Structures are given as structure tokens and as C-alpha cells.
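Dear colleague,

I am handing over the structure below, together with notes on its aromatic rings, its nonpolar cores and its backbone. Please read the notes with the coordinates open.

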Amino acid sequence: PTGSGQCALHGGTAENNDMCRVPCLSDFFTCGFSRKDLSKLNGQYSAEERSNILSLGLGTSGGTFKAVIGHAARAKPSVIILENVDEMTKPDSPNVRYLWTAFENVGYGGSSKCFSTADYHLPQRRKRVFFVMLNCEAFGYTLDEAGSTAATMLNTTELFKCKSAPTLKEFLLPDSSPRVVAELGRRLANIESRPQNKTYGP
């Protein structure tokens, strides 16, 4: 089976709606469905609506999650890895309960884990949750077995934790790096090539 989607590589945009055919053949599928409407900083929806974004299919978060579930149901990849904001770690959240129910309904069991980028060699403290979903039929698992295996997979990341995150200066390339110098030159040339702003008299 195949699906279709707007392909940036081939010029597809929301405006021209040019679509590319996408084969639904995959054993491993990774994505991050939109987090915009799930964020507690988004004031577009009421607290009640934001708690049910996924089940109501609201905004880009609800729409992209629906697309992920649709792909899982059609293509049946063996492993699915999802990423989203740490709001999706709350077990009493209707959005979280709906996510698990939706995946179970199409034959997947799994587990989730919240990560801080500071624990993995990045000079920031951004938290994100990752979900590992396993196709129960492909692996011959029950839902519980899929959840246990996915939890083991996620917990192996503990092996890669660092004792302390690098400083921003340690993380970034030095100012003298040829790549930094070349990029700075490119940006300055771009600025100089722009038309000068017009000034208007009284």
C-alpha cells in the first residue's frame, strides 16, 4: 500500500498541495508528532481542550498524531519511536491515556521515558519524552511483553549519560574554526547583498 504527502524536497507546500506518493513499507518508523498544541505555553485552547487535543484531533498536534496512528495501522512497522514534550509523561493526562489506547487498538505495546538533554552532552536542560512502540504481532508479544521489552530498550540509554554537561563554550566550535569563518562570511555577504532600507523624509 502507498500513501501521499506534501514533499518539501520536490516542492510540495500547503499552498500548492503538490503530493508525492509514499510507499508504506517500513520496519522502523521514527517521528515527532507536533507538540505545538500540547505545550502548556500555548494559550489557543482552554485547559479542557488542551487535555483532549489528541482525542479531539485539534490543531497540528491532533492532526499529526492521527496521521501517525493511520500509518501504524496501514504499514505495520515493527518498531515506532515517537518524541514529544514532557507534558506527555503525565499518567493522569487524557492525552497520554488516549495515546496508549490508540496504539493498543492498532496492535502496539510499548513504554516511555523522559530525558534531559543535559544528561547527554548538550549544554541545555530541555526535557523531552520518547516512546518506543513494538508491533505485538511482528514480535509475537502480548501487550505486557511489548511494554517490558520497550522499557528495557529505553533504559539502556543510562549507559550513555554524562556526569556533567559541557559548557556552551566547550560545546561550540571555536571562532577560528574554518567552518565558523566560512559561515560568517556567507552571512555577511548575504546581508550586504540585500537592498538598503529606504528612508523617508517628513
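Lys113 lies over the face of Phe115, at 6.0 Å from the ring centre, where a charge is taken to sit over a ring if NZ of Lys or CZ of Arg is within 6 Å of the ring centre and within 35 degrees of the ring normal. Phe115 is itself buried, with a relative accessible area of 11% (buried means under 20%, exposed over 50% and partly exposed in between, with a 1.4 Å probe and protein chains only).

This is a predicted model, in which local features need pLDDT of at least 70 and side-chain atom pairs count only at pLDDT 80 or more, whereas totals for chains, interfaces and linings use all residues. Residues are numbered from 1 along each chain as its sequence is written, and side-chain values use heavy atoms, with hydrogens and water left out.

Rings of Phe, Tyr and Trp (its six-membered ring) pair if their centres lie within 6.5 Å, with planes under 30 degrees apart called stacked, over 60 edge-to-face and the rest tilted; by this rule there are 8 aromatic pairs. One of them joins Phe65 and Phe103 edge-to-face, at 6.1 Å centre to centre and 75° between the planes. Because Phe65 lies in helix H3 (residues 59-75) and Phe103 in helix H4 (residues 94-105), this pair ties together parts that are 38 residues apart in sequence; helices (H or I, at least four residues) and strands (E, at least two) are DSSP runs numbered from the N terminus. Phe65 is buried at 1% relative accessibility, and Phe103 is buried at 0%. Phe115 and Tyr120 form another edge-to-face pair, at 5.7 Å and 65°.

Phe65 and Phe103 also belong to one aromatic cluster with Phe33, Tyr98 and Tyr108. In the largest nonpolar core, which has 23 residues, Phe33, Phe65 and Phe103 are among those that touch the most other members; such a core is a set of buried Ala, Val, Leu, Ile, Met, Phe, Trp, Tyr and Cys residues joined through side-chain atoms within 4.5 Å. Apart from it lies another core, of 8 residues, including Val79 and Phe115.

As for the backbone, Lys76, in the loop between H3 and strand S4, has a positive phi near 55° and is partly exposed at 36%. His121, in the loop between strands S5 and S6, has a positive phi near 70° and is partly exposed at 45%. Most residues other than glycine have a negative phi.

With best regards
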